[in-house]
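Biologist: Could you take me through this structure? I would like to begin with the overall picture and then turn to particular residues.

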Amino acid sequence: MSKAAEIDLASVSKIYGATTAVDAISLKIPAGSYCCLLGPSGCGKTSTLRMIAGHESVSIGDIRLGQSVVTNLPPAQRDTSMMFQSYALFPHLDLVDNVAFSLKMAGVPAEQRRARALDMLKLMQMDAYATRRPAQLSGGQQQRVALARALITDPEALLLDEPLSALDPFLKIRMRAELKKLQKSLGITFVHVTHSQEEAMALADLIVVMNAGRIEQAATPREVFERPATAFVARFMGDHNVVSGKATGAAVGLVTFEIVGGGSLSASGEPRAAGAVVDIGIRTDHVRLGESPAKGLGFTGLVTNVEYRGASVKLSIDGVGIEDFTAIVDDKSFFKTPVSVGDAVPLHWDAEDAIVLGQLDR
């Protein structure tokens, strides 16, 4: 298997009565890439996946798979395959017949489809269990069978709806490594829905962060982590503190703003008009204890919580106009000069670790 197709969504919306589940999103997923649609429950990611698959109709807009517009085609004519969250295996059929089911529906002769099903089970290292029923398998084994069934039609794109959600934490880590390896070896486009930031970071070439039916950011994992586009992305990914205020001025490459009820801070970004609302993101793991060597790149606050995490320690700090600010400090630095709940501590960071965040028009 080596064929793959680019997926192109052009101003696609899904409207249920008075509710807009997906709001005019445009997205290009490169051929042969691993794309994760990431976001909280109700953000529109599963509706988007189901529209790509053809299991939901498109209210407005178009979907293109490769060179073909598939907006109004039924699922069977799209050259995609979908693996459902529940796996949806047939309990009364053995693994061979489960995997071969779509070929049976297509009229492929029994001997040919069974041989193809065995090949797919071998690819998933499940051929030794070919005569078993789904109930005799573990969750991870059932997932492999569901993958084999989805891939037997040789699709251009595989669509996965939270495929790891039913697995225990240790198996999740193992199975996501197997998914990534499988995608690389097959070379086809994978589109994977998840609400787990860690899962998306581990798997994706392209992360699409969704919120309230809109795309907040579509970028590589590194870019989403290091340069979140909006306050929502920064908060959802969990690696940045978000502080809001009103712009008061700008120097070269730096925006200065006032925090409501607090002092002033600076961040890297384009100038903003005086009085404009500004959200900034500050990397949690780049916050350091100690006085700031530069004005606007730090503050003093009270420690409200200390969590030991082994290689690092998580500090929660409240400042004037700032609540629940997080600093991730390496264990060696922390225990050299430890702090406790109730202590007043100065914090600082470098200019490049505080960035002005964008805002979506809503």
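Modeller: The conversation below goes from the whole chain to its sheets and then to single residues.

Biologist: What should I know about the model and the numbering before we start?

Modeller: This is a predicted model, in which local features need pLDDT of at least 70 and side-chain atom pairs count only at pLDDT 80 or more, while totals for chains, interfaces and linings use all residues. Residues are numbered from 1 along each chain as its sequence is written, and side-chain values use heavy atoms, with hydrogens and water left out.

Biologist: How many helices and strands does the chain have?

Modeller: The chain has nine helices and 20 strands; these are DSSP runs numbered from the N terminus, helices being H or I of at least four residues and strands E of at least two. The C-alpha trace spans about 75 × 45 × 35 Å along its principal axes.

Biologist: What share of the residues is buried?

Modeller: Of the 362 residues in the chain, 47% are buried. Buried means under 20% relative accessible area, exposed over 50%, and partly exposed in between, with a 1.4 Å probe and protein chains only. As for contacts (heavy atoms within 4.5 Å), residues 24 or more positions apart account for 65% of those with a separation of 6 or more.

Biologist: Let us turn to the sheets. In what order do the strands of the six-stranded sheet run?

Modeller: The order is S6-S7-S8-S3-S9-S10, in an open sheet with mixed pairing; two strands pair if DSSP finds at least two bridges between them. Strand S6 (80-83) and strand S10 (214-219) are the edge strands, each pairing on one side only. From one strand to the next, the twist averages 15 degrees.

Biologist: In which sense do S3 and S8 pair, parallel or antiparallel?

Modeller: Strand S3 (residues 34-38) and strand S8 (residues 189-194) pair in the parallel sense, over five bridges. Val191 in S8 is the bridge partner of Cys35.

Biologist: Which helices lie across that sheet's strands?

Modeller: Helix H4 (residues 139-151) lies across S6 and strand S7 (157-161), and runs at about 165 degrees to S6. Helix H5 (residues 169-186) lies across S3, S7 and S8, at about 155 degrees to S8. Axes here are lines fitted to C-alpha atoms, for helices over the stretch in contact, and angles run from 0 to 180 degrees between N-to-C directions.

Biologist: Where is Asp94, and how far away is the nearest side chain of opposite charge?

Modeller: Asp94 is in the loop between S6 and helix H2 (95-105). Asp94 is buried yet has no salt bridge, and the nearest side chain of opposite charge, Arg114, is 4.5 Å away. A salt bridge needs a side-chain nitrogen of Lys or Arg within 4 Å of a carboxyl oxygen of Asp or Glu; Lys and Arg count as positive and Asp and Glu as negative, while His and the chain ends are not counted.

Biologist: Which backbone nitrogens does its side chain reach, then?

Modeller: The Asp94 side chain reaches the backbone nitrogen of Val96 at 3.2 Å, and one of its polar atoms lies 2.9 Å from the backbone nitrogen of Asp97.

Biologist: Why is S17 described as largely enclosed?

Modeller: Six of the eight residues of strand S17 (residues 312-319) are buried, so S17 is largely enclosed by the rest of the structure. S17 pairs in the antiparallel sense with strand S16 (residues 298-308) over six bridges, and with strand S18 (residues 322-330) over seven bridges, also antiparallel.

Biologist: Which glycines take a positive phi in those hairpins?

Modeller: Gly310 does so, near 90 degrees, in the hairpin of S16 and S17, which has three residues between the strands. In the hairpin of S17 and S18, with two residues between the strands, Gly321 takes a positive phi near 80 degrees.

Conventions
Polar contact = N/O pair within 3.5 Å; in protein donor to acceptor, adjacent residues only side chain to side chain.
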